[in-house]
Each structure stands twice: as C-alpha cells, then as structure tokens.
Amino acid sequence: MLLEARRRASLTSLADRASIQRRHFLESIALLGALEDAGVVASPVIDIGTGAGIPGLPVKIARPDLVMTLVEATGKKTRFLEAVVQELGLTGVSVLQARAEELAQEPDQRAAYALALARAVAPLRVLVELTLPFVRIGGCLAAPKGSGAAREVTEAEKALFVCGGAVERIERLDVPAGPPPTLVLVRKVAETPKAYPRRAGIPRKRPL
C-alpha cells in the first residue's frame, strides 16, 4: 500500500521495496526492540508527525496490544493511514488530522500518553516542545535521530529543562546495512508549563 500510494500522497521518497523495508519497517522494529529493552513500552502511545505511519504502524502491527494514536497534519496522509488501518483490520488505533501545537492544548490529549514516538519531525530542541506536553510524568519520548544526535541533545538542554524532560538514554539501534539511527530517549520528569507548545509555527521559528 505504501509503494502504491507513495507519490500520490507524498508518503516517502524511497521507491523500491528493499529500501522501504529497511528504512521504514526494520528501523521501526529495531526502535521497538530498544524500547522494550529499556522497559518503557506502555499504552497509550502517540506517534506525532507520523507521515506514512512510521514508526507507529509497524510498532502497532508488531504489538497489537498497544493503544496507538497517529497524528498527522496533512489530509492526504491521514486518509492513507485510515485506509491502512481498515485494510489490515487494526483495532485500538486512532488517526487524528491535527497540528501538534494545537492538539497538545486539548484537555483530553495533554499529559495523556505513556510513550510518544517522533521520527524525522524536527530537531530535538523543537521536538521536545511539540511532544512532551502529550506525555504524562514518568512517560517517555522516543526520538530516532541521525549522526548528529549528540549535538542535538546539547542544543536541546534549555528546551528539555523548560518542558520537563531529561535525556535518559542515547544508543545506536541494531539495524544492519547502512548507518543505523540513534535513539534519544527522554523521560518526562516534570509538568510542561501551560504556555507550551507555543502557537503553530513558533517552535520552529524561535526554538527554545
């Protein structure tokens, strides 16, 4: 389904099955394995800026017991996600078309999740403002990053302090063939002030 709809819905730049299997599915399952090893996998889970459903859908397929919310701002992508959920007969999955900055201010969404996933959404100092408001105290943000993960963590020190997060783990994921992503695991240790996230577009324009 991803191969068939990738251009129409602007889902991925990858055009061959092998690359999609590795980058989107194998990396997602490696992420799940690392999170299980860390003991932080729990429901409910939110995947913010999920795009084609990565990593949320592969994680849900591998762990059907998890309650999963997929958040994506683009309508054609959410329609694809809804079609996949229906085609695969997945239960316990919600697809929400929304911007994280606005959704995080909804009372039923704020501090409602045990685990937040976010892949290829934004630099970490932006990402923590967009995601930590969704996470309850004691829960985690799992952010797969590239080779600049350590630099992003350093740059995110102020954002982490302001939004109530603390980096708990930085580790390479076990993915063969090609540069492996690095998991940055952030624990929610304090409430995020009501002022965050700021209105749509501001976290990217003026990062903390």
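## Basis

Residues are numbered from 1 along each chain as its sequence is written, and side-chain values use heavy atoms, with hydrogens and water left out. The model is predicted: local features need pLDDT of at least 70, side-chain atom pairs count only at pLDDT 80 or more, and totals for chains, interfaces and linings use all residues.

## Helix 2

Helix 2 spans residues 17-38, 22 residues in total. Helices are DSSP runs of H or I with at least four residues, strands are runs of E with at least two, and both are numbered from the N terminus. From first C-alpha to last, helix 2 reaches 30 Å, close to the expected 32 Å. That expected span is 1.5 Å times one less than the number of residues. Helix 2 bends by about 30° at leucine 26. The bend is the angle between axes fitted to the seven residues ending at a residue and the seven starting there. Glycine 39 follows helix 2, with a positive phi near 70°.

The buried residues of helix 2 are Ile20, Arg22, His24, Glu27, Ser28, Ala30, Leu31, Leu32, Ala34 and Leu35. Buried means under 20% relative accessible area, exposed over 50%, and partly exposed in between, with a 1.4 Å probe and protein chains only. The cover over these residues includes helix 1 (2-5), helix 3 (56-62), strand 4 (113-117), strand 5 (135-145), strand 6 (165-172) and strand 7 (182-188).

Serine 28 is in helix 2. Serine 28 counts as buried because its relative accessibility is 1%. Beyond its neighbours within four places in sequence, serine 28 is in contact (heavy atoms within 4.5 Å) with Ile54, Pro55, Pro58 and Val59.

Leucine 173 sits in the loop between strand 6 and strand 7. Its relative accessible area is 4%, so leucine 173 is buried. Not counting residues up to four places away in sequence, leucine 173 touches Glu27, Ala30, Leu31, Ala34, Pro180, Pro181 and Leu183. Glycine 33 is partly exposed, at 23% relative accessible area.

## Salt bridges

The whole structure holds 11 salt bridges. Each is a side-chain nitrogen of Lys or Arg within 4 Å of a carboxyl oxygen of Asp or Glu. Glutamate 27 pairs with arginine 22, with the closest N and O atoms 3.0 Å apart. Both ends are buried: glutamate 27 at 8% relative accessibility, arginine 22 at 15%. Glutamate 27 also bridges to arginine 23, at 3.3 Å. Arginine 23 and glutamate 27 lie 4 residues apart in helix 2, about one turn. Arginine 23 is partly exposed, at 37%.

Glutamate 152 and lysine 145 form another salt bridge, at 3.0 Å from N to O. Glutamate 152 is buried at 14%, and lysine 145 is buried at 10%. Elsewhere, salt bridges with shared partners join Arg22, Arg23, Glu27 and Arg119 into one network.

## Largest pocket

The largest pocket contains about 670 Å³ of space. Of its 33 lining residues, Gly49, Ile54, Arg119, Ala120 and Val121 are the closest to its centre. A pocket is an open set of points on a 1 Å grid over the protein atoms alone, where a 1.4 Å probe fits, with protein on both sides within 12 Å along at least five of seven lines; lining residues have an atom within 4 Å of a point. Grid points are joined across faces, edges and corners, and the volume is the space filled by probe spheres set on the points.

Helix 2, strand 2 (68-72), helix 5 (100-103) and strand 5 each supply at least two lining residues. Helix 2 gives the largest share, 3 residues.

## Backbone features

Two cis peptide bonds can be described here. One joins serine 43 and proline 44, with omega about -5°. Proline 44 lies in the loop between helix 2 and strand 1 (45-48). Another joins isoleucine 54 and proline 55, with omega about 5°. Proline 55 is in the loop between strand 1 and helix 3.

Alanine 120 has a positive phi near 55°, in a residue other than glycine. Alanine 120 lies in the loop between strand 4 and helix 6 (124-131). At 75% relative accessibility, alanine 120 is exposed.
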